[in-house]
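Subject: Structure handover and notes

Dear colleague,

Please find below the structure I promised to pass on to you. My notes on what was found in it follow directly after.

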Amino acid sequence: MPATHSVSSFNGLHYFATGWKLVRLPGIRRYVVMPLLLNVLLLGSAFYWLFKRLGVWIPALMAQVPDWLQWLGYVLWPLSVISILLVFSYFFSTIANWIAAPFCGLLAEQLEARLTGKALPDSGWAGMIKDIPRIMKREWQKLAYYLPRALGLLLLYFIPGFGQTVAPVLWFLFSAWMLAIQYCDYPFDNHKVGFQQMRTALRQHKTANMQFGAMVSLFTMIPILNLAIMPVAVCGATAMWVDRYRQQLARLP
C-alpha cells in the first residue's frame, strides 16, 4: 500500500488522525501490543496516582499567586491544573518511551514496509535486538536536548503571576515540539538519519509538526485515550516520514 499523496495537502492533524487508522491495520496490530501494554501499565498507574494528589498540589500552587491576581482565580485554577497535567504527562510519557523505544522502532519499521512495499534491511525482532544500543544512545540524545530547556521552563513556574499564566502556554508549545521530535525520531532513526539532521528536517515543516505534537500532547492528558497514544503517535509519525521525508533522507536502493 505505497503512499502516493501530495505532501502539501497534509497537515499535522491529518497525520495524527491517520495514526488512529493505521494502528488497526491487519499485520500491524501485533507490533502495537508491546508499546500499548507498556503505556497502559506505566501511564495508567501514573495518572491514577496523580489524580489522587491533585487536591493537595493545586491549592499549594494557587497559594503562590500574589494577592493582586486573586481576582483571576477562575482562570488561574484551570491553568494550574493544565500545567500539572502537561508536566506530569510529558514526564511519564518520556519514561514510557524510553522503555518502549525498541518496540516503537520496530512498529515504525514494519508500518513503513507496509506503506511502501519495501522492507528495511535487518528488519524484524532480531534486527531490533541488535539495534538496542544505538536506540538507547538516541534516547540519550533526545534527553540531553530536552532537559536544559525543560528546566528553564519549569523555573518560570516559580515567578508569581507569570508562572501561573504564561508558563503553561510556553510549556504546551515546547511539549508539542518535543513530542513531534520523540515520535518522528523512530522512523528517522531506523534509517540512521542523525539527530541534528532530523531536527533540521522537522523545522522545514514546523507548523505541521507542531500541530501533530500538540494533538499528541492533548491526548496524553486525556484519561483512557492517553493509554493508546504511544502506538497511535508512532504510526502517525511514520506516515509523515513516508510522505514528507523518506524520499529525501532515506538511503534507498
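A150 is found in helix α4, which spans residues 125–156, where helices are DSSP runs of H or I of at least four residues, strands are runs of E of at least two, and both are numbered from the N terminus. With a relative accessible area of 4%, A150 is buried; buried here means under 20% relative accessible area, exposed means over 50%, and partly exposed lies in between, with a 1.4 Å probe and protein chains only. Leaving out residues up to four places away in sequence, A150 touches W171 and F174, a contact being heavy atoms within 4.5 Å. A150 and W171 are 21 residues apart in sequence, and their C-alpha atoms are 8.1 Å apart in space.

Please keep in mind that this is a predicted model, in which local features need pLDDT of at least 70 and side-chain atom pairs count only at pLDDT 80 or more, while totals for chains, interfaces and linings use all residues. Residues are numbered from 1 along each chain as its sequence is written, and side-chain values use heavy atoms, with hydrogens and water left out.

For the chain as a whole, the secondary structure comes to 8 helices and 0 strands. Of the 253 residues in the protein chain, 54% are buried. Among contacts with a separation of 6 or more, 79% are between residues 24 or more positions apart.

The UniProt annotation "transmembrane region", from an unreviewed entry, covers residues 31–51, 71–92, 143–163 and 209–242; UniProt positions are given in the numbering used here, feature names are shortened, and such annotations may be inferred rather than shown by experiment. Over residues 31–51 the model is 100% helix and 0% strand, with the end C-alpha atoms 31 Å apart, whereas residues 209–242 are 76% helix and 0% strand, with the end C-alpha atoms 14 Å apart.

Two helix pairs deserve a description. Helix α7 (residues 206–220) and α8 pack with their axes 11 Å apart and at an angle of about 170°, the axes being lines fitted to C-alpha atoms, for helices over the stretch in contact, and the angles running from 0 to 180 degrees between N-to-C directions. The two helices α7 and α8 are therefore roughly antiparallel to each other, given that angles under 35 degrees count as roughly parallel, over 145 as roughly antiparallel, 65 to 115 as roughly perpendicular and the rest as oblique. On the α7 side the residues that meet α8 include F212, V216 and F219, and on the α8 side A233, G236 and A237 are among them.

The axes of helix α6 (residues 195–204) and helix α8 (residues 229–249) come within 11 Å and cross at roughly 130°, and α6 and α8 are therefore oblique to each other. Q197, A201, L202 and Q204 of α6 make this contact with Y245, Q248 and L249 of α8.

Two single residues complete these notes. S217 lies in helix α7 and, at 2% relative accessibility, counts as buried; apart from neighbours within four places in sequence, S217 is in contact with L86, F172, S175 and L179. K192 sits in the loop between α5 (162–190) and α6, and at 47% relative accessibility K192 counts as partly exposed. The phi angle of K192 is near 60°, a positive value in a residue other than glycine.
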